[in-house]
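Work through the exercises below with the sequence and the 3D structure open. Try each task before reading its solution.

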Amino acid sequence: MTTATSPYRSRRLSVAPMMDWTDRHCRVFHRQITRHTWLYTEMVTTGALVYGDVERHLRYDEVEHPIALQLGGSDPTDLAKSAKLGEQWGYDEINLNCGCPSERVQKGAFGACLMGEPQLVADCVKAMRDAVTIDVTVKHRIGIDYNEEYGFVRDFIGTIADAGCRTFIVHARNAVLKGLSPKENREIPPLRYDVAYQLKREFPELEIIINGGIKTDQEIALHLEHVDGVMLGREAYHNPWVMASWDRLFYGDLEAPMKTRVEVLEAMIPYIAEQLRLYGQHGLKLNSITRHMLGIMTGLPGARAFRQLLSDPKKLAGADPALLLEAAARMPLAA
């Protein structure tokens, strides 16, 4: 068992919160590949917790630790209540979303538009910190719309830090609030990693984690020369085997098991069977879990055949978790 002071509990590497992707099944799958990487939930709105089904939104498997709950909201009282629920459920961190640019999120007055109201964010952070004993962190962009002045994000972080926040996850692009889709906001505004580097130089006492467009171990190592941690998003989802080296390479855990891809799939079968037994009558389908695993063979000969079988409606209708191994058997080489 690791402790809060162990290097294995650091946020050196993490997988970004991604709507419709990083659900609890995805996180259990990722945990089969890496023991120490921090995992984040999809964004959960305060309304869903204050007025909705708490158990449905917060349940997870113990294997997922260390795990952070990302909240979306802008009301300090509701955020405090939601953060408290997250702590009661055993989450290791509460993260506030100040980076999502979608218009739906903006209508709720949270996400990236909060960067324009740093004092409100500070009030939210203080309310959450007063309610919980675990870390409260903020994920944000480096600017909104076309304001590329460094002083904007510097002052934003300075104001939030004054409220006690010590960890900032910096998506190194601006968020354009009008005129670009969420997808375009992940691709069109230019990446400016130097801004995150400068933030770390100016705030050496803060934990600065960089996010945006990062894909390889080589890129991760380069960023770690300048900041405290690196968060991967789409690359970790579409090519999850990128995480296979992280425990040893970036956490120094030389005893971390070196599983093969097939062994990861085998490890998921009992979990899938149990989830289908518990929640199949409530609408959970085999594809609800296996869809997160389509990228595990990325880059290998036969990866397309693997994905095709795991996407076959007739095969999926059988609800047999062993379909994972049947798909793996289509690979021409041992995986």
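The exercises cover pockets, annotated sites, a strand and a helix residue.

This is a predicted model, in which local features need pLDDT of at least 70, side-chain atom pairs count only at pLDDT 80 or more, and totals for chains, interfaces and linings use all residues. Residues are numbered from 1 along each chain as its sequence is written, and side-chain values use heavy atoms, with hydrogens and water left out.

**Exercise 1. The largest pocket**

Task: Find which residues lie nearest the centre of the largest pocket, and which elements supply its lining.

Solution. 

Step 1. On a 1 Å grid over the protein atoms alone, a pocket is an open set of points where a 1.4 Å probe fits, with protein on both sides within 12 Å along at least five of seven lines. Lining residues have an atom within 4 Å of a point. A volume is the space filled by probe spheres set on the points, which are joined across faces, edges and corners.

Step 2. Take the volume. The largest pocket holds about 770 Å³ of space.

Step 3. Go to the centre. The lining has 32 residues, and Pro17, Met18, His171, Arg186 and Arg234 lie nearest the centre.

Step 4. Assign elements. Helices (H or I, at least four residues) and strands (E, at least two) are DSSP runs, numbered from the N terminus. Helix H5 (103-107), strands S6 (135-144), S7 (167-175) and S9 (229-232), and helix H11 (234-238) each supply at least two lining residues. H11 gives the largest share, 3 residues.

Step 5. Ala, Val, Leu, Ile, Met, Phe, Trp, Tyr, Cys and Pro count as nonpolar, Asp, Glu, Lys and Arg as charged, and the others, Gly among them, as polar. The lining then divides into 13 nonpolar, 10 polar and 9 charged residues.

**Exercise 2. The second largest pocket**

Task: Describe the second largest pocket by volume, centre and lining.

Solution. 

Step 1. The volume is about 550 Å³.

Step 2. Of its 22 lining residues, Asp23, Arg24, Glu42, Arg56 and His57 are the closest to the centre.

Step 3. Helix H1 (24-33), strand S3 (44-45) and helix H3 (54-58) each supply at least two of the lining residues. H1 gives the most, with 3.

Step 4. The lining splits into 6 nonpolar, 8 polar and 8 charged residues.

**Exercise 3. Annotated residues**

Task: Which residues does the UniProt annotation "binding site" cover?

Solution. 

Step 1. Read the record. The unreviewed UniProt entry gives Pro17, Met18, Met19, Gln70, Lys139, His171, Asn211, Gly212, Gly213, Gly233 and Arg234. UniProt positions are in the numbering used here, feature names are shortened, and annotations may be inferred rather than shown by experiment.

Step 2. Take His171, in strand S7. Beyond four places in sequence, His171 contacts (heavy atoms within 4.5 Å) Lys139, His140, Arg141, Ile142, Asn211 and Gly212.

Step 3. Take Gly213, in the loop between strand S8 (207-211) and helix H10 (217-223). Leaving out residues up to four places away, Gly213 touches Leu191, Tyr193 and Glu219.

Step 4. The unreviewed UniProt entry puts "active site" at Cys100, in the loop between S5 and H5.

**Exercise 4. Strand S4**

Task: Is strand S4 (residues 67-72) buried or exposed? Which strands pair with S4?

Solution. 

Step 1. Count. 6 of the 6 residues of S4 are buried, so the strand is largely enclosed by the rest of the structure.

Step 2. List the pairings (DSSP finds at least two bridges). Strand S2 (residues 38-40) runs parallel to S4 over 2 bridges, with Leu39 partnering Ile67. S3 is also parallel to S4 over 2 bridges, with Val44 partnering Leu71. Strand S5 (residues 93-98) pairs in the parallel sense over 4 bridges, and Gln70 stands opposite Asn95.

**Exercise 5. Alanine 196**

Task: Where is alanine 196, and which residues does it touch?

Solution. 

Step 1. Alanine 196 lies in helix H9 (residues 193-202).

Step 2. Alanine 196 counts as buried because its relative accessibility is 0%.

Step 3. Alanine 196 touches Val170, Ile208, Ile210 and Val227, not counting residues up to four places away in sequence.

How values were computed: Buried < 20%, exposed > 50% of the residue type's maximum accessible area, 1.4 Å probe, protein only.
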